[in-house]
Every structure is written in C-alpha cells, then in structure tokens.
Amino acid sequence: ILWLGWFNAYSLAAKVAFHHAGYAVSHLSHPRHGYANTRFAIRYINPVRIIVEDRYLRERVVMSQGDPADALLLLERRLNENGVISITATHTSRNPVEVPFLAGNIRLAPGAPSLALLTGATLLPVFPIQEGVDDFSVTIAPPIDVRRDVSRREGIEEAVRQFASLLEPYVLRYPGQWRGWHAL
C-alpha cells in the first residue's frame, strides 16, 4: 500500500513515477478529484485531469459519496491478488483519526492502515515533492509498522501517528505544496 502525502505532486508525479518503475497501481479516488467540486466541474472539467492521470494507473477506484465500502473491498481484493494500491493521506472519512501534528493535531482517514491491518500488506509512506519547474521527487519511506498485538483501533492510530511524524518534516520544508492545511 502506497500511502501518499497530500502534496501538489501527489496527483500526477507519483503516478508517473510508479508507472515508470513498472508498478500497475490501483488508486483510490474521490468523486470530487480534479480541479473543482461543483457538479459541473465533476462532470466536465475534472475529467481533463483524470484522463491524464489514468494513463499511468492500472485502475482508478472511485469511492461512492455515501458508502466507501465497495471501493475498499475492491482494494482489498487487489491486495489479496498481490497488487499495488495507492491511497492519498487526507482527512476525507466518516471517522478520521486525530493525532498530534506540528503544534496541534491532524485528522487523517484510517483506510490505508486499516487495509494493511486487514490484509497484512506493507504500508509505505510516500512523499511526492516538486523540487523545481520540471523536477519532481517521489520518496518512499521505510514501512510503517501496523501493530497487530493491540486492538484494531490502537493499531490504526499508531500507524497514523507514525505517518504524521514522517510527514512533518516535509510539510515544514514544503508548506506551500502541502494540501492538507484544512485537515488540522
């Protein structure tokens, strides 16, 4: 499981990097992904961006607005097939996990660590950063330890804490590229 830091470059640079490295990635996506979240934009404008990204994916798995269960079941199936999935670390969840971050707290969706716990898949934090005009880096950090010797909720919270601590230096170094300020 590639758990993507929500930086400007997450959307395309990370997908291109994984594709060029030979990975066929199934990416979890929100119906509002793109340039704007109005009904008009979702239908007519956002597909321009999505079409370009989809060139570099095995598939885009879109969550339904009301129930993400079907999307998560498909991602679980891909992991059980030994596939690679990616999930962006955002706050979009009915039950986000809140952990310490910078001088306060951050809320993150528990989907990535939950799937890692459920399937035994490795959870890799990924930080896509724009270094220059045409220069991007996609850093894959060492795996997050998703503990199975504690309750499910405690294991997920610990994984989110680990991710948040790895995220902090990137946010401090590239604050203008991080898209998660409203998740604090």
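**Close-up views of the predicted chain**

**Overall fold.** The chain holds five helices and eight strands. This is a predicted model. Along the sequence the elements run β-α-β-α-β-α-β-β-β-α-β-β-α. The radius of gyration is 16 Å, which agrees with the value near 16 Å for a compact globule of 184 residues. The C-alpha atoms fill a box of roughly 45 × 35 × 35 Å along the principal axes. Of the 184 residues, 45% count as buried. Among contacts between residues at least 6 apart in sequence, 66% join residues at least 24 apart.

**Helix 3, residues 69-80.** Helix 3 has twelve residues and reaches 16 Å from its first C-alpha to its last, close to the 16 Å expected. Ala71, Leu74, Leu75, Arg78 and Leu79 are buried in this helix. They cover an arc of only 145° around the axis, which puts them on the same side of helix 3. Asp70, Leu73 and Asn80 are exposed on the other side. Asn82 follows the helix, with a positive phi near 70°.

**The largest nonpolar core.** This core has 48 residues, of which Ile1, Ile106, Leu123 and Leu167 touch the most other members. Helix 5 (residues 152-173) gives the most to the core, with seven residues.

**Surroundings of Ile106.** Neighbours within four places in sequence are left aside here. Ile106 is in contact with Val97, Glu98, Val99, Phe101, Ala164, Leu167, Trp178, Ala183 and Leu184. Both Ile106 and Leu167 are among the core residues that touch the most other members.

Key. Residues are numbered from 1 along each chain as its sequence is written. This is a predicted model: local features need pLDDT of at least 70, side-chain atom pairs count only at pLDDT 80 or more; totals for chains, interfaces and linings use all residues. Side-chain values use heavy atoms; hydrogens and water are left out. Helices (H or I, at least four residues) and strands (E, at least two) are DSSP runs, numbered from the N terminus. The expected span of a helix is 1.5 Å times one less than its number of residues. Buried means under 20% relative accessible area, exposed over 50%, partly exposed in between (1.4 Å probe, protein chains only). The arc is that of the directions from the helix axis to the C-beta atoms. A nonpolar core is a set of buried Ala, Val, Leu, Ile, Met, Phe, Trp, Tyr and Cys residues joined through side-chain atoms within 4.5 Å. Contact means heavy atoms within 4.5 Å. The radius of gyration is taken over C-alpha atoms; the globule rule is 2.2 Å times the number of residues to the power 0.38.
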